[in-house]
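Please describe the fold of one chain and a surface feature of the other, with the cut-offs behind each term.

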Amino acid sequence: MVSYIIRRFLLMALTLFGMSVLIFVLLRLVPGNIVDLLFDSAGFVNPADKALLEEELGLDRPIIVQYFDWITGLMQGDLGYSYVSEQPVWTEIAPRIPITAKLAVLALVFSIIFGVPLGVISAVRQNTMTDYILRVVSLSGLSLPSFWLGLIILMLFVQWFGYMPIYDRAPESFWIELGMYMIPAAAVGFRSSALVMRLTRSSMLEVMRQDYIRTARSKGASERSVNYHHALRNALLPVVTIIGIEAAFLIGGLIVTETVFNIPGVARFLVEAIRWRDYPIVQNLVMLIAVVVVFTNFIVDLLYAALDPRIKYSE
Amino acid sequence: MRIRLRALAAVGAMLPLIMGADAALAQKSGGILKVYHRDNPPSASIHEEATNSTVMPFMNVYNNLVIFDQTVARQSMDTIIPDLGESWSWNDDKTELTFKLREGVTWHDGEPFTAEDVKCTWDLILGKKEGARLRKNPRRIWYHNLEEVTTNGDHEATFVLKRPQPSFIALLASGYSPVYPCHVSPADMRTKPVGTGPFKFVEFKQNEYIKLEKNEDYWDEGKPYLDGIEFTIISSRSTRVLGFINGEFDLTYSTDITIPLLKDVNNQAPDAVCSLVPTNVSRNLIVNSDAPPFDDPNIRKAMMLTIDRQAFIDILSEGKSDIGGVMLPPPEGLWGMPPEMLETVPGYGKDIEKNREEGRKLMEEAGYGPDKRLPVKVSTRNIEIYRDPAVILIDHLKHIYIDGELEVVETPLWHAKVARKDYMVGMNLTGVGVDDPDVVFYENFACDSERNYTGYCNKELEELFDKQSAETDMEARKKLVWEIDKKLQEDGARPIIWHERAATCHQPWVKDYTVAENSSYNGFRWEHVWLDK
């Protein structure tokens with residue numbers, strides 16, 4: 001187990017190095033740079049002023065030097081300055097991380113607490129009216145774009161309650177804050193919960209056809225015990241994998257949801273930073289996301305062993 | 001008895017006036033004006049930007065020397081009032097404009113305001129200030145006629161011009177012309193602006209909000225009435241308009257409400273006060289006349305003849321925008337050609353089919369026809385307000401044997417591409433800072449202007465630019481302006497398609513808010529605005 005963890009750590013380091021090179025190079029391959037964009041708001045491009053600005057921002061240096069500067073700064077905890085706001089990158093990113101983290105966790109919780117139980121119910125009541133209804137719900141979850149769903153939710157709240165659940169910088173209480181996050185989390189988590197539900201259902205159906213389930217039934221185990229003790233535990237393995245992957249994909253849904261609900265999270269900020277070619281923000285933020293995704297997958301791998309005793313990490 | 005009744009009736013008739021006068025005097029102090037903003041301003045430094053994304057929130061931080069009266073919708077030379085310049089005077093030959101400056105004014109950081117700050121500001125624009133420069137200087141061309149700024153003591157500054165320019169003062173009255181402090185660097189002005197204005201800068205959080213607070217030491221005693229202004233940046237138009245309808249915001253972003261959206265606002269928030277005004281932003285074509293095939297003036301003329309301007313207006317703004325030349329058309333525009341003159345310009349005649357027939361003949365003379373069509377790329381920014389008219393243009397070009405192909409260009413590449421002249425035909429937007437020919441002509445059509453995208457250069461016409469600029473008789477100037485405008489259209493310098501109209505809305509409790517109707521860059525100083533709630 002220990003040697004497995006060490007190997008995984010080394011692999012993670014290599015992955016992150018590869019990611020850093022990829023992020024850095026790809027970003028610079030995108031046409032247009034921050035200087036072009038800065039001049040856009042002035043309505044013209046002056047070549048001499050542009051060259052001066054490129055020099056000021058260090059964009060005139062060889063790309064390898066720029067990369068080396070970034071990585072050494074990153075190692076020392078210096079993320080540099082945003083080209084747009086001219087503020088330290090960390091002060092721009094840090095306050096936004098908890099906002100998106102809360103939203104992502106709530107969306108994930110939403111997808112699990114709805115997706116898994118409904119998937120199980122759908123499986124154990126296969127081909128009944130309940131199953132049909134749940135399958136329609138899950139299909140709509142997969143088909144409705146989250147920006148549309150978000151807008152519809154906003155309109156319904158305004159229409160019915162005269163209240164607009166957009167971001168409030170200073171919520172009066174914990175419960176108001178929770179409510180403020182719950183609505184967008186539900187909008188973005190609806191798709192994930194539909195995915196989890198469908199996967200749980202198919203996984204459960206597959207497991208319930210296994211011999212050991214028949215054996216458990218023949219031994220006289222109750223239906224509840226068979227479904228939830230024997231079947232669900234084994235059916236959860238692919239579900240946990242997909243939840244791990246979804247956690248990474250959630251950022252895509254959050255970009256749209258943060259825009260619609262005007263939530264100043266890190267996802268929307270990333271898109272704005274890409275639009276502005278704000279390299280220091282984008283490369284550090286994408287790197288941070290890469291670290292989170294790599295660690296999440298690592299934890300998911302470790303969870304496999306806990307869920308399925310047959311999986312061993314020894315040589 | 002009859003006399004008594006008459007007296008009573010007279011008092012009764014005057015009652016609303018008396019009460020109105022009371023109401024006018026009864027401005028309430030306090031409250032935060034909540035405004036939504038459409039996008040993240042590129043910086044807080046007005047002198048470095050050419051967008052009202054920056055002017056709208058930050059104009060309140062600064063003062064100008066003079067300013068357009070913010071309670072009058074139609075801005076003109078007659079509506080210019082003192083700001084930091086308490087009074088002003090011209091010398092006899094109109095080449096020196098001297099301001100007597102307000103005394104006892106301090107910057108928000110406590111430093112005193114002096115004439116040196118005025119000199120510093122325009123030295124910075126002219127590129128004469130040692131040790132400091134603007135990263136971008138979009139209005140350098142406005143001051144091409146400014147020789148220098150001199151000072152006489154702490155409270156007098158003189159603008160010395162190379163030649164007479166009576167409307168120079170109108171440039172100084174624009175929202176684009178604040179006075180900057182000498183002791184604050186241009187870099188700091190981009191992130192933490194310091195002004196003398198009615199509101200102090202508190203915080204600008206990227207993509208989130210901009211907060212301003214009341215300047216308690218403002219020189220205009222008793223003002224501002226508001227305790228502060230908060231701009232919430234909301235990039236999703238649906239969300240922000242819904243927010244306004246639901247009363248979350250007191251005021252919309254300037255001219256953010258399009259004509260189709262205005263119907264929704266009127267239906268869902270019937271108490272909202274909306275003003276539908278010209279934005280003084282025109283949609284126009286930029287044509288690369290340096291490269292074939294558009295180096296042929298006949299092909300350029302044919303293209304102008306095929307444009308059905310009313311069709312653009314009907315499709316995109318439900319018939320509620322205006323046709324004009326480069327100057328904003330009347331009645332809101334002060335300098336636009338009269339309709340009867342406009343109709344004499346090629347392509348402006350009402351018989352579109354006749355125009356197109358003429359266009360087809362010109363194309364045939366150039367060697368094109370139904371069997372030999374001209375393929376053209378129509379480039380534009382990948383933004384809806386650019387893309388939509390470009391698509392309509394492609395349809396109109398078909399009538400004169402031109403097959404247009406839409407090329408959408410990402411915003412960061414647009415100006416660089418235009419500057420390289422790497423386009424054939426482009427759909428473009430031009431916003432006008434001040435409804436004055438000196439701004440429009442020099443900025444967009446002077447040979448050495450950086451914002452003259454097509455590189456149109458007509459030295460003879462430029463002499464006329466100078467002539468109209470120096471003209472003191474306004475009627476004579478107007479005739480010269482019309483002549484120039486007509487010539488610009490005939491030359492296809494930057495064919496104007498239409499002038500847009502859009503609305504700004506505020507809640508009924510926002511008082512004394514006036515929407516400027518001939519520019520989108522000068523009407524955002526709100527020391528007189530108050531909230532009745």
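Two strands pair if DSSP finds at least two bridges between them, and strands (E, at least two residues) and helices (H or I, at least four) are DSSP runs numbered from the N terminus. The model is predicted, so that local features need pLDDT of at least 70 and side-chain atom pairs count only at pLDDT 80 or more, while totals for chains, interfaces and linings use all residues. Residues are numbered from 1 along each chain as its sequence is written, chains are lettered from A and ligands numbered from 1 in the order in which they are written, and side-chain values use heavy atoms, with hydrogens and water left out.

In chain B, strands β4(B) and β5(B) run antiparallel and are joined by five bridges.

| Strand | Residues |
|---|---|
| β4(B) | residues 85–90 |
| β5(B) | residues 96–101 |

Across this pairing, W90(B) is opposite L97(B) of β5(B), and the two strands make a hairpin with five residues between them, where K94(B) in the turn has a positive phi of about 60 degrees.

E96(B) belongs to β5(B) and, because its relative accessibility is 33%, counts as partly exposed (between buried, under 20%, and exposed, over 50%, with a 1.4 Å probe and protein chains only). On the surface, E96(B) gathers with D92(B), D93(B), E147(B) and E148(B) in a patch of negative charge.

Chain A has 13 helices and zero strands. Of its 315 residues, 46% count as buried, and the C-alpha atoms of chain A fill a box of roughly 85 × 60 × 35 Å along the principal axes.

Notes. Patch = residues over 30% accessible without salt bridge, like charges linked within 9 Å, V, L, I, M, F, W, Y side chains within 5 Å. Areas by Shrake-Rupley, 256 points an atom, 1.4 Å probe, with all protein chains shown as cover. Salt bridge = Lys/Arg side-chain N within 4 Å of Asp/Glu carboxyl O. Lys, Arg positive; Asp, Glu negative; His and termini not counted. Charge placed at Lys NZ, Arg CZ, Asp CG, Glu CD.
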